[in-house]
Amino acid sequence: GHVEPSDLSLEERRQALLKVDPEQYGLYEGEVKLFLQYFEDMERVRELGGLHVIGSERHEARRIDNQLRGRAARQGDPGSSRFYLSLQDDLMRLFGGDQVSGLMERLKVDDALPLEARLVSGIIESSQGRVEGANFDVRKHLLEYDDVLNKQREQIYSQRDRVFTKEDLTEDVAEMLEVEVGKRVELGLTDEEGPWKLIAWLEGVQPPFETEGRLFPTFGLALILEELNKSDDARRAILDVVSRSIEVEQSHTQRAIEALVDKTEESLDAQIAERTDALDAFFEGLRDSDEPIRAQKVAEELSGLIRLPLRLNGEQSRLLADDPAEFKEWLESYVEAQLIALNASRVVGAVERRLNEPVGGKIEAADWNDAADKILSAAKDLMQRQHERIKTQVERDIDTLFQREKADDDTSKMRVLMSLAQGARTVFDQRTHRQVRQVFNRFSYVYYAAQLLENRTAEDVTDAVLEHLEKAETALQTAWGQGEYARLSQNATHLADFGPAAKVFGEERQNEAVAALSESERETLIQAIGSYILNEVKRQLLLGAISELWVEYLTKVEALRVSIGLEAYAQRDPLVQYKGKASELFQQLVADVRSAVIGRVFSYQPRRIEIAPTEVAETHVEAQAQTPRVESGKKKRKRH
């Protein structure tokens with residue numbers, strides 16, 4: 001009989017249920033009985049005086065005490081509350097408890113007498129206010145830490161949302177490319193070793209790729225092609241470029257080996273000085289000791305002290321016992337000789353790994369200067385032999401390559417250059433225990449290309465790099481468009497079948513037949529397809545880089561937040577230091593995202609598959625016809 005039962009109050013629902021015959025409760029009989037029992041229990045509680053709350057202590061926050069009091073006497077119901085507090089509770093012990101204790105002692109009040117004076121209540125409320133203020137300052141301080149990360153989070157998420165919603169990301173990536181290239185060029189041209197690191201970075205950012213039947217070069221190869229095109233004799237020019245590339249690379253390697261020798265000499269002097277000081281302290285203590293010298297025990301201690309194997313023969317043991325000073329001189333010369341031999345061996349190993357070939361015999365020298373001269377001389381002789389050997393191989397291979405390549409255009413010249421830079425050799429594979437053919441790099445064009453950048457300004461180099469990468473993006477767009485057009489055109493009959501790229505012709509032409517397109521319109525469609533694919537590649541790269549690096553950044557910021565409190569020991573405000581270092585980390589995050597996107601955007605390249613299904617089928621049938629023998633089921637599965 002009620003239109004909206006949910007609008008009834010609890011008492012109105014109770015009166016309505018009491019008017020209903022209990023036989024009509026049906027499935028709701030249990031719920032109805034519980035509801036009516038609730039009112040009966042409530043009436044009994046009221047008869048007993050309502051709910052009485054007893055608090056055994058006072059909380060630091062008055063809000064919690066008021067919540068406890070609020071459990072009683074709700075909505076006009078009877079009830080009361082009472083709190084008991086000990087002078088040993090934390091709240092009284094920290095804030096004013098001593099005053100009350102002193103007052104009770106002076107007045108000689110019995111400990112069992114409860115204190116209900118207004119003075120005590122005032123002290124308690126004052127203590128709670130001070131604790132609440134301290135907690136508020138703590139929360140405010142924590143919020144200031146959180147605000148730093150929240151602002152950065154808003155900035156990153158806004159950029160990420162923009163990547164999702166923005167239709168064309170070309171300008172954004174182009175701006176990132178300009179910033180990254182400008183930064184790399186400035187660092188590369190000011191490097192004391194030369195701009196070879198800049199060329200190496202560009203080789204990794206934009207590798208060579210094929211488009212429209214021609215090979216698009218890297219920036220380093222483009223510089224070398226400019227030098228090659230200055231000569232009419234392609235063969236002689238290529239041989240000259242190869243020879244100069246080897247010379248420049250070996251010159252760089254020679255400087256690196258010399259730097260390694262100088263650095264090792266500094267480390268060797270420090271090692272000798274450290275062990276000499278340790279030996280001085282040891283023999284000084286040995287001289288002051290009254291215990292007899294035991295050669296075997298002293299040798300074990302000295303071996304651990306100098307961190308070198310030490311075994312004494314009979315004569316050396318007698319010398320240690322009879323004349324420790326003379327033994328110390330012998331030991332110092334022994335340590336120096338051992339350290340020279342050890343460091344020389346390490347340098348030789350580094351040189352051999354750098355040159356991929358053994359230097360020769362063992363280096364034996366009386367002092368480090370002699371060892372350094374021998375190492376440098378051996379490395380120089382080895383590089384000279386390598387130069388002569390590579391030159392002979394290149395002169396032999398270039399004739400074969402020129403029979404296959406005309407070398408009359410940039411693509412064929414690049415193929416010759418790339419082929420000459422690689423060699424093949426037969427090595428023994430330890431895993432399969434077979435001889436395998438291994439392709440290796442004979443030399444690199446990076447250092448020669450870097451030499452071509454010398455005496456050029458940073459602005460000039462930046463403009464040249466950006467222009468080259470812009471052409472690379474256009475060529476890559478064409479390559480993607482041609483590949484996807486060839487794949488989609490096999491089943492496409494209308495422009496709409498090419499997806500969003502076909503919108504370049506307008507909505508009214510989407511149902512137009514593909515066969516009716518002119519040559520220029522087909523080229524426009526290919527470019528639109530390539531542009532769409534490259535844009536989606538940039539979108540995926542941006543989203544992937546932001547998501548991946550942001551998670552790592554949160555871990556770093558959390559570690560910074562945990563450790564930043566140590567700044568207080570240096571009399572510095574941790575919050576100020578946290579803001580400064582978090583800002584530095586965020587700037588590094590932005591730079592890492594930019595570097596990750598630029599480092600991959602030119603690496604996504606289409607692959608050409610030139611094997612026709614019919615040829616594969618015919619080859620398979622022919623192979624079966626030539627293999628009539630019966631095989632087991634296991635072998636059949638393997639061959640299949």
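This is a predicted model: local features need pLDDT of at least 70, side-chain atom pairs count only at pLDDT 80 or more; totals for chains, interfaces and linings use all residues.
Figure 1. Asn-455 belongs to the loop between H16 and H17. Its backbone angle phi is near 65 degrees, which is a positive value in a residue other than glycine. Most residues other than glycine have a negative phi.

Figure 2. The loop between H13 and H14 holds Asn-356. With a relative accessible area of 57%, Asn-356 is exposed. Asn-356 is not a glycine, yet its phi is positive, near 60 degrees. Glu-357 is likewise found in the loop between helix H13 (324-355) and helix H14 (368-404). Which side chain makes a polar contact with the side chain of Glu-357? The partner is the side chain of Gln-386, at 3.0 Å. When neighbours within four places in sequence are left aside, Glu-357 is in contact with Glu-352, Leu-382, Gln-386 and Arg-389. Glu-258 stands 99 residues from Glu-357 along the chain, and the C-alpha atoms of the two are separated by 18 Å.

**Figure 3. The hairpin of S5 and S6.** Strands S5 and S6 run antiparallel and are joined by eight bridges. Across the pair, Thr-426 stands opposite Arg-437 in S6. Four residues lie between the strands of this hairpin, in which His-433 takes a positive phi near 60 degrees. How many of the eight residues of S6 are buried? The count is zero, and S6 is hardly covered. In a regular strand, side chains alternate between the two faces of the sheet.

**Figure 4. The largest pocket and its lining.** The volume of the largest pocket is about 950 Å³. Its lining comprises 33 residues, and those that lie nearest the centre are Ala-421, Asn-441, Arg-442, Phe-443 and Ser-444. Several elements give two or more residues to this lining, among them helix H10 (234-288), strand S5 (422-429), strand S6 (434-441) and helix H16 (446-452). Which element gives the most to the lining? It is H14, with five residues. Sorted by class, the lining has 15 nonpolar, 11 polar and seven charged residues.

**Figure 5. Thr-218 between a strand and a helix.** Thr-218 occupies the loop between strand S4 (214-216) and helix H9 (219-228). Is Thr-218 buried or exposed? Its relative accessible area is 0%, so Thr-218 is buried. A polar atom of the Thr-218 side chain lies 3.3 Å from the backbone nitrogen of Leu-221. Apart from neighbours within four places in sequence, Thr-218 is in contact with Glu-203, Gln-206, Pro-207, Pro-208 and His-468.

**Figure 6. Gln-477 in helix H17.** Gln-477 has its place in helix H17, which covers residues 458-488. Its relative accessibility is 19%, and Gln-477 therefore counts as buried, because the term applies to values under 20%. With neighbours within four places in sequence set aside, the residues in contact with Gln-477 are Gln-527, Gly-530, Ser-531 and Leu-534.

**Figure 7. Ala-502 in the loop between H17 and H18.** The loop between H17 and helix H18 (519-563) contains Ala-502. Ala-502 has a relative accessible area of 0% and is therefore buried. Which residues are in contact with Ala-502, neighbours within four places in sequence being left aside? They are Leu-495, Gln-510 and Leu-525. Between Ala-502 and Glu-247 there are 255 residues of separation in sequence and 53 Å in space, from C-alpha to C-alpha.

**Figure 8. Ser-9 in the segment before helix H1.** Ser-9 is found in the segment before helix H1, which spans residues 10-18. Its relative accessible area is 35%, so Ser-9 is described as partly exposed. Ser-9 and Glu-175 are 166 residues apart in sequence, and their C-alpha atoms are 66 Å apart in space.

Conventions. Residues are numbered from 1 along each chain as its sequence is written. Side-chain values use heavy atoms; hydrogens and water are left out. Buried means under 20% relative accessible area, exposed over 50%, partly exposed in between (1.4 Å probe, protein chains only). A polar contact is a pair of N or O atoms within 3.5 Å; within protein, one must be able to donate a hydrogen and the other to accept it, and residues adjacent in sequence count only if both atoms are side-chain atoms. Contact means heavy atoms within 4.5 Å. On a 1 Å grid over the protein atoms alone, a cavity is a set of points where a 1.4 Å probe fits but cannot get out, and a pocket is an open set with protein on both sides within 12 Å along at least five of seven lines; lining residues have an atom within 4 Å of a point. Grid points are joined across faces, edges and corners, and a volume is the space filled by probe spheres set on the points. Ala, Val, Leu, Ile, Met, Phe, Trp, Tyr, Cys and Pro count as nonpolar, Asp, Glu, Lys and Arg as charged, and the others, Gly among them, as polar. Two strands pair if DSSP finds at least two bridges between them.
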